[in-house]
Amino acid sequence: KKQYLLHIENMLVHAGEPATQARTDAATIYGIEKKLAEASMGRVERRDPKKLYHRIELEGLKKLSPKFPWATYLTGLGFPSITTVNVLTPDFFSGLNKVLETTSIADLQTYLRWTLIHGSAPLLSKKFVDENFAFYSQRLTGTAKVLPRWKRCVSATDRAMGEALGARFADKVFGRDGKAQAQGIIRGIEAAMAKNLKELPWMDDATRKAALTKLTKIANKIGFPDKPRDYRTLAVDGNSYLRSALAAHRFESKRDLTKIGKPLDRGEWLMTAPTVNAYYEPLLNE
């Protein structure tokens, strides 16, 4: 706990706060995060997908957390017409409501300022990068040193516009011919599987039909997407790494949100990211 409070304090000082105020704000931030951590679902529970699906109408969400301005939030996202959501952890939003009820506006602003600094730390100047790495990587995971800047930049570019970056690599080492050859091999394997399914003596007709249908539903994603992602609306600022990263985040968020109400695109290539709850995990084990 002491080391984490010191980390928050150091980051706030780097952001321009006087040391005395940073120490006070660190305690405030820790107190809020502790309450949110206690309301969060544990790591083991999150492994059960059935515990992460709770389809709730917007009115139900408002009842879970009436102090949160849901209408304003959804309008700010650009999707005010959303009426139904999957709430992964309903208890968290009940806990959030208690925090909003019992915390002053000034303290909430302090906490939100911290989340912005914390979330942006790897994108800021060296003192932020070094402090963030010293606590989260060296102290918590034992990583000896931060990756070279060029590797971090390549990784950031991959996260922001991976399909565009990967297209150049695929053209050089795989190419259209390579993809066509791989597709031919896969089709041959699937044809052999279909032949095998048709001849299995122990399988009844209904099961055989279901198996053949399932075989035809397999989406073979080989090498690179058939329909490349369009990045033309992603505005990269060559003078600011932070602004470019924020633009990439907005681009990806909007791309995801525009899927609402539309059929699933099974040809899309997806990437996964850790849940926000993982950020609070250390607070529960102090």
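Biologist: Hi! Which residues does Glu17 touch, not counting those up to four places away in sequence?

Modeller: Hello! In this predicted model, Glu17 touches Leu12, Ala22, Asp25 and Arg113.

Biologist: And where does Glu17 lie?

Modeller: Glu17 lies in the loop between α1, residues 2–14, and α2.

Biologist: Is Glu17 buried or exposed there?

Modeller: Glu17 counts as buried, because its relative accessibility is 14% and the cut-off for buried is under 20%.

Biologist: What lies 3.4 Å from a polar atom of the Glu17 side chain?

Modeller: That would be the backbone nitrogen of Ala22.

Biologist: Asp25 came up among the Glu17 contacts. Which residues is Thr110 in contact with, leaving aside neighbours within four places in sequence?

Modeller: Thr110 is in contact with Asp25 and Ile29. Thr110 has its place in helix α6, and at 9% relative accessibility it counts as buried.

Biologist: What about Trp114, where does that lie?

Modeller: Trp114 lies in helix α6. Its relative accessibility is 0%, so Trp114 counts as buried.

Biologist: Nice. Let's talk about the core. How many residues has the largest nonpolar core?

Modeller: The largest nonpolar core has 33 residues. Those with the most contacts inside it are Tyr4, Ile8, Leu12, Leu36, Leu61, Phe93 and Trp114.

Biologist: Which elements give two or more residues to this core?

Modeller: They are α1, α2, α3 (58–64), α4 (70–77), α5 (90–102), α6 (105–120) and α7 (126–141). Helix α2 gives the most, with 7 residues.

Biologist: Switching to aromatics: how many aromatic pairs does the structure hold?

Modeller: The structure holds 10 aromatic pairs. In one of them, the rings of Phe68 and Trp70 have centres 4.4 Å apart and planes at 50 degrees, so this pair is tilted.

Biologist: Which residues do ring pairs link into a cluster?

Modeller: Phe68, Trp70, Tyr73, Phe92 and Phe93 are linked into a cluster by ring pairs.

Biologist: One more residue, then. Where is the place of Tyr231?

Modeller: Tyr231 is in the loop between α10 (205–216) and α11 (241–257). Its relative accessible area is 11%, so Tyr231 is buried.

Biologist: What is Tyr231 in contact with, beyond neighbours within four places in sequence?

Modeller: Tyr231 is in contact with Ala160, Met161, Gly162, Glu163, Ala164 and Phe251. Tyr231 and Ala160 are 71 residues apart in sequence, and their C-alpha atoms are 9.8 Å apart in space.

Biologist: Last topic, confidence. What is the mean pLDDT of the protein chain?

Modeller: The mean is 88, and 94% of the residues reach 70 or more. Confidence is highest in helix α2 (residues 19–39), at 96, and lowest in helix α8 (residues 149–173), at a mean of 86.

Biologist: Where is the pLDDT below 50?

Modeller: Over residues 272–286. That stretch has 27 contacts in the model beyond near neighbours in sequence. Where pLDDT is low, the predicted coordinates should not be read in detail.

Key. Residues are numbered from 1 along each chain as its sequence is written. This is a predicted model: local features need pLDDT of at least 70, side-chain atom pairs count only at pLDDT 80 or more; totals for chains, interfaces and linings use all residues. Side-chain values use heavy atoms; hydrogens and water are left out. pLDDT is the predictor's confidence in each residue, from 0 to 100. Helices (H or I, at least four residues) and strands (E, at least two) are DSSP runs, numbered from the N terminus. Contact means heavy atoms within 4.5 Å. Buried means under 20% relative accessible area, exposed over 50%, partly exposed in between (1.4 Å probe, protein chains only). A polar contact is a pair of N or O atoms within 3.5 Å; within protein, one must be able to donate a hydrogen and the other to accept it, and residues adjacent in sequence count only if both atoms are side-chain atoms. A nonpolar core is a set of buried Ala, Val, Leu, Ile, Met, Phe, Trp, Tyr and Cys residues joined through side-chain atoms within 4.5 Å. Rings of Phe, Tyr and Trp (its six-membered ring) pair if their centres lie within 6.5 Å; planes under 30 degrees apart count as stacked, over 60 as edge-to-face and the rest as tilted.
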